[in-house]
Amino acid sequence: VVAAAVSVEAPFSTAQAEDNTVTLCDGGSRIIPARLVVGRTGTNNALIVTGGARVESLTGEIGLVGSWNRALVSGPGSAWSNQCPFKVGGAGGWNQVVIAEGGSLANHTMAVIGDNTGIPGNSIVVTGPGSVWDNSGGLTIAWGGRHSTLVVSNGAHVFNTHGVVGR
């Protein structure tokens with residue numbers, strides 16, 4: 001799938017879109033949006049990248065305003081690459097990104113987990129051998145949010161130029 005813009009919910013709807021999923025599940029699958037938003041205003045939306053599939057986006061946002069949205073990048077060769085800011089939880093809470101089982105996330109500028117004052121529970125989990133988040137910009141955990149978390153476990157790696165916890 002090649003697209004100029006992708007939103008994992010109905011972008012022109014006045015109602016909140018809920019319970020939608022986009023799944024890329026093999027090495028031949030690729031999506032190239034300018035801006036990728038999972039959960040612009042709705043809840044329980046998901047992006048799943050597995051089996052060596054790739055996402056290449058200018059910007060990536062999980063939970064721009066919506067809550068309980070998620071992205072999973074899992075398995076060797078499965079990857080999501082961003083050129084500009086990457087945010088988990090703009091004005092929405094309890095959004096999550098999981099990089100697991102050898103998946104990777106690359107970000108070429110700043111990344112923020114928990115962007116707005118008082119918004120709770122946004123997180124990124126990087127887990128398992130070969131799983132990597134390569135953030136070549138700065139990382140802020142809880143720009144204004146609360147209970148924002150970064151979990152790195154089971155042999156996973158996170159690389160970034162500098163970090164701030166609680167801004």
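A nonpolar core is a set of buried Ala, Val, Leu, Ile, Met, Phe, Trp, Tyr and Cys residues joined through side-chain atoms within 4.5 Å, where buried means under 20% relative accessible area, exposed over 50% and partly exposed in between, with a 1.4 Å probe and protein chains only. The model is predicted, so that local features need pLDDT of at least 70 and side-chain atom pairs pLDDT 80 or more, while totals for chains, interfaces and linings use all residues. Residues are numbered from 1 along each chain as its sequence is written, and side-chain values use heavy atoms, without hydrogens and water.

The largest nonpolar core has 25 residues, and Trp80, Phe86, Val97, Ile124 and Trp133 have the most contacts inside it. Its largest share, three residues, comes from β15. Tryptophan 80 touches, among others beyond four places in sequence, Leu36, Leu47, Val73 and Phe86; contact means heavy atoms within 4.5 Å.

Strands are DSSP runs of E with at least two residues, numbered from the N terminus, and two of them pair if DSSP finds at least two bridges between them. Six strands form an open sheet with parallel pairing in the order β2-β5-β8-β11-β14-β16. At its edges lie β2 (21-24) and β16 (149-153), each pairing on one side only. Between β14 (residues 123-127) and β16, which run parallel, there are five bridges; serine 123 has threonine 149 in β16 as its bridge partner.

Valine 65 lies in the loop between β7 (59-62) and β8. Valine 65 counts as partly exposed because its relative accessibility is 44%. Beyond four places in sequence, valine 65 is in contact with Gly39, Arg40, Thr41, Ala91 and Gly92.

Key:
Helix = DSSP H or I, 4+ residues; strand = E, 2+ residues; numbered from the N terminus.
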